[in-house]
Amino acid sequence: MSVAEVISVAEDLRPVLIAKGITKSFPGVLALDNVDFNVRAGEVTALLGENGAGKSTLIKMMAGFYAPDRGEITVDGVVLSPDPSSAHRVGVATIHQDAHLVPAMSAAENIMLGRWPTRYGWLNKRLQKERAARALARVAPHLNPSTPAGRLSSADQQLVEIARAISEDSKVLIMDEPTTSLSPPEIDRLFNVVEDLKSKGMSIVFVSHWLEEVFRIADRVTVLRDGRLIGTRPISELDHDKVIRMMVGREVRDTILTKRPVGDVVLKVSKLTRENVLENISFEVRAGEIVGMSGLVGAGRSELAAAIFGIDPYDSGSVEIGGIAVSPNDPKAAIEAGVGLVPEDRRQQALVGLMSVKSNITLSLLDRISSFGFLSMAKEQAIADREIRALAVKTPSSKTRVSTLSGGNQQKVVLARWLARKPKLLILDEPTKGIDVGAKSEISELILRLAEGGMAILLISSELPEILTLTDRVLVMRSGRISASLPKEQATAETIMSFATTG
Amino acid sequence: MADRVPQSSGLSALRGRISFIDLVQSLGLMAIILLGGLIMTAMSPVFATVRNIENVLQSATIIAVVAIGQTFVILVAGIDLSVASVLVLSSVLAVGLVQFQGLSPEIAIILALCAGLGIGLVNGLAVTKLRIPPLIATLATMTIGRGMAYIYSGGTNIAPVPRIFIDLQASRFLGVPGVIVLTLVLAALAQIVLSRTQFGRSVYATGGNPLAARLAGIKTERVIIAAFMISGLMSAIAGLLITARFEAGAATAAQGLELAVIAAVVIGGVSLFGGEGNIGSMLLGVLLLGLVQNAVNLLNVPPNWDSVVSGLVIAAAAALDVYRRSYLEAGMRKKIIAKAARSTPKTS
């Protein structure tokens, strides 16, 4: 290697963004504790950690949303002040989990959002289109700049956001779980864009719960745990297990499958149809059985769960729980018949954020803890304490507001609510979505234990490994129909994906 | 996760203090009230007399009773603008049904209360079944209700009132005016319902997250309808109180009362977004507003200025409350950092 080459490599790897000694706390929580983090030019730095490790806080700080209590962030020597517009000025752009676009505006207008070119004070549409098209051409040549953002797929919306970052000449691009709602080909396309940006010297911060993706794309890995920096290492020095050990500070045990005896039919769905959503769906789930429900996002899985649970009405067909028909559009009836639902979006659909952990656990049990309409505080406390212990919910107290818990512990609260009712059928919709590795394996083990105890389980999941390791049988959905029912022996990632996309 | 235990236990004591904020919220309002009281005592010789204090409390009872009902509605993330109209309708019915229709006072009162419940039911059905936003639905019933009161009364106050109202106003219980005792009893009942019953818990859940509440098996539409009916009933009861106080079926009274009630409820810490608040501190909000009104009267503020002064106090109380909360949180944050710095050795 010549001297010139050494210098150029060294220069390439100079840190662009340096966060030094960052400390940040929120009421009751020390979110970041003296964390050092830097991002180098032309590199993808993966930022990893369990939920609640402090990733989001650090990202929000780099995006200018929060001010650090101590420490400072500099970009090319310029101190970042706590203000999103300052972040844009110094060259930090953030792509959030869900796109932040104005749906009614065109892709071009969104790319130039707030920086619309003007001439004599009037918007210059031509120049706007030109600049937007230039940026768009680099990341998504297939997109028409004048399409309203609201009509784009979430993958394309993300590309528009990246194009916005390019048009701003951003130096650092932060991607917060960008692949959550993308299909595999869309992920490939995104990663090609990332490689391209990297080769042109942009620095990328990549946050993901998917280690496979991290190993595909990252050059360096920084791990946080409990708000503290665990370390930063080149990806070449790491493997799967090492990363997980850094993240959780212990070994994660793979769940082991045991054969369970299967009992009577608990859930019987016959010819369930809802126009344009569900088409002639029939299947059964037996006691002690874990039935997986696979399919692409939008295939109708959550809609099926909503129909069974009585959230949404349906046009024809029937749902029987333990041989008794439950009426449509009445969640209470489904609950009384013995169904529990852990919905996909726990914050929107399951938890009352203002309420305590205790009240959230007993929310579906109010009838059981009260007599003549009056709540028994002692009974409520006893049930909450028992469930918190049983599921090892990590909470300072049963009176803590549920919104302050980490994602995994919030999910345990939702599970606790249903387990306390001892349902015959538990429907789990993406139960480990957005949950850290440690809590994920705890929840997997819990699902197996429940099935061993004779509960019927319908597990909706987009994570094939979860479906493959946990379930006895896999139903694959595609455009509102069940396209395949695969016994365990036939269920492989390949067969499931092929029925999900073409069956 | 053994390595997490020391940290979380270190923080648990501090996290426990978050509920402390709620306590300080009430204490803060109480401090403002006491401070205001001290200033008024210094500025006006009349203020600190039993007579004046009793007067402040008595006039606060009407807003307080309406506010109790309004609290239920705001807790389910609604709003009820029809309360003042229900109040006057109940007042003219309670007097008019005796005078014009010759019913017995007891029946008249029961019918007046039913009118309140009925308008509450209409509000609730409009909001849940017709999905009309509460602001609009109750704006409609507010206009209709006031109109009906005018039509029924002929647009004037109806007097004299039946004896039972005179007795109510004159009644004393252990030396305390009966209307104050009645208000406190209603408040206590409401607090018990909210904190100790299945329905009360459902109110908080429905306001906090209606979808989650429904998915947990709560009939959220019924809860919302019930909240509006409680508001209607409470407003009708307040209508009886105002009848007793003015000794008339008061068709023209309580103009703009709905806004004063909403202001009091919000100052009292009930979140307009729903799901948060309690009757106790809500009553402090009512009391604060009552004191301001009293101060305006005692200090001879020119009549056209009194609503400006009231508005400024509302704004100041709200701003102070926001400031105090963020100050408390900041203080707690510093303590947490200091504690963490002392107890956790650096790991990397």
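Student: In which hand does H5(B) pass H6(B)?

Tutor: The model is a predicted one. Two packed helices are described by the angle between their axes and the distance between those axes. Here H5(B) passes H6(B) in a right-handed crossing. The axes of helix H5 (residues 105-128) of chain B and helix H6 (residues 134-153) of chain B cross at roughly 150 degrees and come within 9 Å. H5(B) is therefore roughly antiparallel to H6(B), since angles over 145 degrees count as such.

Student: Which residues make the contact?

Tutor: H5(B) contributes B:Ile119, B:Val122, B:Asn123, B:Ala126 and B:Val127. From H6(B) come B:Pro134, B:Ala137, B:Thr138, B:Thr141 and B:Gly145. By class, that contact has six nonpolar residues, four polar and no charged ones.

Student: What kind of peptide bond joins B:Ala159 and B:Pro160?

Tutor: A cis peptide bond, with omega about -5 degrees. B:Pro160 lies in the loop between H6 and helix H7 (163-170) of chain B.

Student: Now phi. Is A:Asp226 buried or exposed, and what is its phi?

Tutor: Phi of A:Asp226 is near 50 degrees, a positive value in a residue other than glycine. A:Asp226 sits in the loop between strands S11 (220-225) and S12 (228-234) of chain A. A:Asp226 counts as buried because it has 22 C-beta neighbours inside 10 Å, and the cut-off is 20 or more.

Student: And B:Asn300: buried or exposed?

Tutor: B:Asn300 is exposed, with 8 other C-beta atoms within 10 Å. Its phi is near 55 degrees, again a positive value in a residue other than glycine. B:Asn300 lies in the loop between helix H13 (279-298) and helix H14 (306-343) of chain B.

Terms used. Residues are numbered from 1 along each chain as its sequence is written. Chains are lettered from A and ligands numbered from 1 in the order in which they are written. This is a predicted model: local features need pLDDT of at least 70, side-chain atom pairs count only at pLDDT 80 or more; totals for chains, interfaces and linings use all residues. Axes are lines fitted to C-alpha atoms, for helices over the stretch in contact, and angles run from 0 to 180 degrees between N-to-C directions. Helices (H or I, at least four residues) and strands (E, at least two) are DSSP runs, numbered from the N terminus. Angles under 35 degrees count as roughly parallel, over 145 as roughly antiparallel, 65 to 115 as roughly perpendicular and the rest as oblique. A crossing is left-handed if the near helix is turned anticlockwise from the far one by less than a right angle, and right-handed if clockwise. Two residues are in contact if their C-beta atoms, placed from the backbone, lie within 7 Å. Ala, Val, Leu, Ile, Met, Phe, Trp, Tyr, Cys and Pro count as nonpolar, Asp, Glu, Lys and Arg as charged, and the others, Gly among them, as polar. A residue is buried if 20 or more other C-beta atoms lie within 10 Å of its own, exposed if 12 or fewer, and partly exposed in between; C-beta atoms are placed from the backbone.
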